[in-house]
Amino acid sequence: MDLNIETRIPLRAGKTQGMPAFGLGTWRSEPNKVTEAVECALSNGYIHLDCAAVYNNEHEVGEGIARALQAGKINRDKLWVTSKLWCTKFRPEDVKPALQRTLNDLRLDYVDQYLPHWPCPMAPTDVYSDPMPKDEHGVIRVADVALTDMWRAMEKLVDEGLVKTLGMSNFSIEEAKLILDNCDIPPVVDQVECHPFRPQHQLKDFLKSEGIHMVAYSPLGNVRDNDISGLTDPLVVDLGNKYNKSPAQICLRWHLQRGVIVIPKSVTPSRIIDNTKVFGFQLSDDDMARLSKLSEEEGKQRRWFNPEYREGGVKVFPDTAGTNTQGYTR
């Protein structure tokens, strides 16, 4: 398939023309910058925005969308917007009000996709002022809410026309199977940490077998400190020189050629535009294989996002190999 910034991936469920394979992430987009970032992206070919209530910036995303729509840079039918239900709003009676707040902030009548952010029900609190309810020991207070009950409440949003498609975020194979075995409307994506240092081969193969697409967040890996990074790894840098592309563009192209939907985040206009320069060239099969095996090299396996959201302060993912969360949450 020839890819471009408007390439859409057919989905197994939902009233949609398909999900764009490339988009703009808005996690950790600083206040007073995300509006301009969204406006820049939508003025430069992007048609896909990834958002979440807990990012606490959907009102600014909404302003950017409104400006772009008003300026005629894009129309609503062409635009794809994903948002996420935060863990403190998993009780069935809280699901629709949470979405309505998101829709109000985004200034939209519907979202194209809605995901439970983590498979970890938390005690009900306000997403914007107290997103991480903790006990006196600093441990997350969980809620006794079945993921299947939450999912049924989300399905009603599709029936009401407020959501076009449903998906998952940070769900394991076992949790995905739970939803698949108990749903009327199946998930079409699982959005997870994925990069050359955590390629998620097993999860990707499972999702593909079920007709579910993987969406990669943090697609470059770590870019915040002195740990290994897709921006500095020698192999990625060498391939950038070979193809006359930046390391970021090499990583993003690797995702796209694997069939993974990718949502790089930036608020810098030049980077927002540079990230789109991943079309019009092709990584060879050999170079794709080298990148896909990068995490097998000693000391190059990482999981940067593994928060202590389970009952008793247990990390979400049991595998600890390469975990280097450094307090990151998403």
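In what order do the four strands of the open sheet stand, and is their pairing parallel or antiparallel? The order is S8-S9-S10-S11, and the pairing is parallel. This is a predicted model: local features need pLDDT of at least 70, side-chain atom pairs count only at pLDDT 80 or more, and totals for chains, interfaces and linings use all residues. Residues are numbered from 1 along each chain as its sequence is written, and side-chain values use heavy atoms, with hydrogens and water left out.

**The open sheet**

- Helices (H or I, at least four residues) and strands (E, at least two) are DSSP runs, numbered from the N terminus.
- Two strands pair if DSSP finds at least two bridges between them.
- Strand S8 (168-169) and strand S11 (261-262) are the edge strands. Each has a single partner strand, so one side of each is left without a neighbour in the sheet.
- Strand S10 (residues 213-217) runs parallel to S11, and two bridges join them.
- Ala216 faces Val262 of S11 across this pairing.

**Strand S6 and its partners**

- Strand S5 (residues 80-85) runs parallel to S6, with four bridges between them. Lys84 has Leu115 in S6 as its bridge partner.
- S5, helix H3 (residues 92-106) and S6 form a right-handed β-α-β unit. Right-handed applies if, with the strands pointing away from the viewer, the path from the first strand over the helix to the second runs clockwise.
- Strand S7 (residues 163-166) also pairs with S6 in the parallel sense, over three bridges. Gln113 stands opposite Thr165 in S7.
- From S6 the chain crosses through helix H4 (residues 147-159) to S7, and this β-α-β crossover is right-handed.

**Positive phi at two asparagines**

- Asn56 is not a glycine, yet has a positive phi of about 60°. Asn56 is in the loop between strand S4 (48-50) and helix H2 (58-70). Asn56 is partly exposed, with a relative accessible area of 40%.
- Asn170 has a positive phi of about 65°, again without being a glycine. The loop between S8 and helix H5 (173-181) holds Asn170. Asn170 is buried, at a relative accessible area of 1%.

**Aromatic pairs**

- Searching the whole structure gives nine aromatic pairs. Rings of Phe, Tyr and Trp (its six-membered ring) pair if their centres lie within 6.5 Å; planes under 30 degrees apart count as stacked, over 60 as edge-to-face and the rest as tilted.
- Trp27 and Phe305 have ring centres 5.4 Å apart and planes at 80°, so the pair is edge-to-face. Trp27 is in the loop between strand S3 (24-25) and helix H1 (34-42), while Phe305 is in the segment after helix H10 (285-292), 278 residues apart. Both Trp27 and Phe305 are buried.
- Phe197 and Trp304 are edge-to-face, at 6.2 Å centre to centre and 90° between the planes. Phe197 lies in the loop between strand S9 (189-193) and helix H6 (201-209), and Trp304 in the segment after H10, so the pair ties together parts that are 107 residues apart in sequence. Both Phe197 and Trp304 are buried.
- Trp86, Trp118, Tyr309 and Phe317 make up one aromatic cluster.

**Charges over rings**

- A charge sits over a ring if NZ of Lys or CZ of Arg is within 6 Å of the ring centre and within 35 degrees of the ring normal.
- Arg303 places its charged end over the ring of Phe317, 3.9 Å from its centre.
- Lys164 lies over the face of Tyr110, 4.7 Å from the ring centre.

Definitions and conventions: Buried < 20%, exposed > 50% of the residue type's maximum accessible area, 1.4 Å probe, protein only.
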